[in-house]
Amino acid sequence: MISEVIPTLLHSVPVDDTWITFDVNSFTQNFWSSTFDGLTFGAIYALVALGYTLVYGVLNLINFAHSEVFITGCYGVFFTLSALNFGPSAPRLAFWAIVGNLVLALIVAIIASALMAVIVERVAYKPLRQRKAPRLAFLITAIGVSFAIQYTIYWWRGPSPEAALTMFRPLPIFDVFGTIIDSQQVVIVVAAIILMIATDQFIRRSKTGRGIRAVAQDPDTATLMGVNKERIIVTTFIIGGILAGAAALFYVMKIPSGVQYNGGFILGVKAFAAAVLGGIGNVRGALLGGLLIGLIGNYGQVLLGSSQWTDVVAFVVLVLVLIVRPEGVLGSSLGKSKA
Amino acid sequence: MYRKKVISAIAAAATLGMLVAGCANQTGPSSTDTSGAAGGRINIPAISKVDVPAGAVLPAGDGKGKCASTTTLAYAGAETGPNAQLGINIFNGIQLAINQHNAANPGCQVQFKKFDTEGDPNKATGPVTQIVSEPDIVGVVGLPFSGESKATGNIFEQKGLVHITPSATNPGLTKNGWTTFFRALGNDAVQGPAAAKFLTDKLQAKKVYLVQDDSDYGIGLGTSTSQALGSAMVGSDKVVTGQKDFSAVISKIMNAKADTVYYAGYYAEGAPFDQQLVGKGFTGSFVGPDGVKDDQFIKQAGDASSNAYFTCPCIPGELIPSFESEYKKLANAEPGTYSIEGYDAATVLLSGIDKGKQSRADLLSWVKSYDADGLSKHYKWDSTGELATPDVYGYKVENGKIVPIGVIGK
């Protein structure tokens, strides 16, 4: 019976009733490759998630425009590398030339994203804050700003994604259980983790970091103790922008044709979900949440047999975790983060 | 303060170090491995001409057309949106036909109106409702995509407004009992088997991996192709509209050791898919249908696109010199996929207007009984709105351009 069923499943017509297949075989076969890809995406989600988490920690505001801060960085990468003659095919450049170009693109992306973050803060949030607007007004403004930026880019660049930009040809580095880990995955994951550790240490140890934590804990007392609240808020947006800019470089590295006016939207939603999953307001939670969302989505996709399931599985897990731990896995508090 | 500086310095140095390490590993063999992929593949030569029917009906007609100055034809379909290029190809073809008609017929200046659906079934009902409510519009070319055609066919039917799709290929569209729907090309029940035959015969594929998207078009074409492929298909997977990352699908393809991938969907997803597939070391061929066959595919996939073939029930309009030069003057670009189908469909309607069929009912019965050659093929529809024996062409990417390789099936 089974032997009859399996070939028909394999060659079956993919109509709607066969869209759900519980394919354990494919899962075991593809376990390691989906793990490594999941971690790579997770690292990018985590970098973007940090931006949501930091701003939420300081302002109790969900900055929905952060996905546009991220896509601004992507355009920064795109324009820099296009100007440097990068195109759909990986350029044949000397090794240091590639490094130099990528670092330049990274710097431009970081500046572009940080600048956009500051503009969003100054134009959209600061006036509301000065007028002591209710929380709901901030939320709606955030969504409005997000769409305004998206469609400004649409009006400027049109609906199609920009041409693919290949930075370098990923080459195999390690072989883990028969699955190749390539240079691209290693670069993204390791560089992202270094950035996250640096951010964590910065928040925990530096004077500005202490200011951020103080404002997150109790803005009024922090002001009384001599912390410049406005300056701290801008700094927080800048840090979020810097990380989003770095994430933009890695994202374009991974998805060369991902630069598009609405290209940040879904990624932003998933990064936000990652921040909530790990515990919003918690820097390490964002890291953990990002990696988890990346991994769970990829596993679900392979196990259930279709890319349609990536987001379904990721968000179902999010809901389940929140039912058990409404605070997120690591709990949500930037102010109380141990230091 | 000191500490902060140290941390940022370490972070910057380490990030740089990682970039270095990653690139260092890739500089070595990159000069040798790019051409290797193409070496093992079958080479099918490009064709340089197609036969044009001798007595093809042209938009200019006899120059004696008379009509009211309000007579209007409309295009409904994507002008913007992720797959806008296919729509742009079509309405430029229509515009060319109307320009030629109006230049030759001083007594009949047909107006042309465009309505944007973004190619999205959810957004198409609004523009189409607007079209049917404008009494001056007597005929429509559109809609280009299958999903939006399905969503709007009833609106046209209720108002008795004839519409000729130059590109929607889902076979189910003619099974709705609509009397106002006509298809100016072959459907996917023709394209699927032709594609399967092309894969297994011409490309000599032994292990085909079939990937389809979640559109009506992708599901329909995936179904008819997989049935025709039979045991040559080693696996199948589905992707979603708007997907950017295909790593999970690609690792399945690599594990199945497939030699050829058939992608039933549009170029918006097909291009990044092929690009990532080649990036992961896939050396076989990538074959896509008409929805992928567009210069945007090459633009977005880059060098990876050199492994691509296309199947398409469309005629290579760029090989018809008279059409090619006029189109180029108008659109400042080569004719694209479905430009000539749009041109021909508009010609069918224009020739009716010239013959005095200037109400919706008259023009509808004109199309129903139409039996003449167009530039691309013979047009005569059966009662459901299908053509008799449409050709399916094969195309491939050569030196960064899409070139036709001849008829691959009927």
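1. Gln204(B) sits in the loop that runs between helix H6 (188-202) and strand S6 (208-212) of chain B. In this predicted model, the phi angle of Gln204(B) is near 50°, a positive value in a residue other than glycine. Gln204(B) counts as exposed because it has 12 other C-beta atoms within 10 Å, and the cut-off for exposed is 12 or fewer.

2. Asn399(B) also has a positive phi, of about 50°, although it is not a glycine. This residue belongs to the loop between strand S13 (392-398) and strand S14 (401-409) of chain B. Asn399(B) is exposed, since 6 other C-beta atoms lie within 10 Å.

3. Another backbone detail of chain B is a cis peptide bond between Gly142(B) and Leu143(B), with omega at about 0°. Leu143(B) is placed in the loop between S3 and helix H5 (146-159) of chain B. Strand S3 itself spans 137-141 and is one of the elements against which the buried residues of H13(B) pack.

4. Helix H13 of chain B covers residues 360-368, and its buried residues are Leu363(B), Leu364(B), Trp366(B) and Val367(B). They lie on the same side of H13(B) because the arc they cover around the axis is only 160°. What do the buried residues of H13(B) pack against? Their partners in chain B are strand S3 (137-141), strand S4 (162-165), strand S5 (181-183) and helix H12 (339-354).

5. Tyr267(B) is part of helix H9 of chain B, which runs over residues 267-279. Is Tyr267(B) buried or exposed? Tyr267(B) counts as buried, because it has 31 C-beta neighbours inside 10 Å, and 20 or more are needed. Setting aside residues up to four places away in sequence, Tyr267(B) touches Asn83(B), Gly291(B), Val292(B), Asp294(B), Gln296(B) and Phe297(B). From Tyr267(B) to Ala56(B) the separation is 211 residues in sequence and 32 Å in space, C-alpha to C-alpha.

6. Ala60(B) is found in the loop between helix H2 (36-39) and strand S1 (72-77) of chain B. With 18 other C-beta atoms within 10 Å, Ala60(B) is partly exposed. Ala60(B) and His101(B) are 41 residues apart along the chain, yet their C-alpha atoms are separated by 4.3 Å. Not counting residues up to four places away in sequence, Ala60(B) touches Gln100(B), His101(B) and Ala104(B).

7. Chain B as a whole contains 13 helices and 14 strands. Along the principal axes, the C-alpha atoms of chain B fill a box of roughly 80 × 60 × 40 Å. Of the 410 residues, 59% count as buried. Among contacts in chain B between residues at least 6 apart in sequence, 73% join residues at least 24 apart.

8. Chain A has 13 helices and two strands. Its radius of gyration is 21 Å, close to the 20 Å that the globule rule gives for 339 residues, so chain A is as compact as a globular protein of that length. The box filled by the C-alpha atoms of chain A is roughly 75 × 50 × 40 Å, taken along the principal axes. Buried residues account for 56% of the 339 residues in chain A. When contacts in chain A between residues at least 6 apart in sequence are considered, 79% join residues at least 24 apart.

9. The largest nonpolar core has 222 residues. Which residues have the most contacts inside this core? They are Ile44(A), Ala46(A), Leu47(A), Ala192(A), Ala247(A) and Val252(A). Helix H3 (residues 31-59) of chain A supplies the largest share of the core, 17 residues. Apart from neighbours within four places in sequence, Ala192(A) is in contact with Ala43(A), Ile44(A), Ala46(A), Leu47(A) and Phe250(A).

10. On confidence, the mean pLDDT of chain B is 86, and 90% of the residues in chain B reach 70 or more. Over residues 19-40 of chain B, however, pLDDT stays under 50. The model has 33 contacts beyond four places in sequence for residues 19-40 of chain B. The scores for the model are ipTM 0.71 and pTM 0.76.

Key
Residues numbered from 1 in each chain as written. Chains lettered and ligands numbered in written order. Predicted model: local features only at pLDDT ≥ 70, side-chain atom pairs only at ≥ 80, totals over all residues. Helix = DSSP H or I, 4+ residues; strand = E, 2+ residues; numbered from the N terminus. Arc of directions from axis to C-beta. Contact = placed C-beta atoms within 7 Å. Core = buried A, V, L, I, M, F, W, Y, C linked by C-beta atoms within 7 Å. Rg over C-alpha atoms; globule rule 2.2 N^0.38 Å. pLDDT = per-residue confidence, 0-100.
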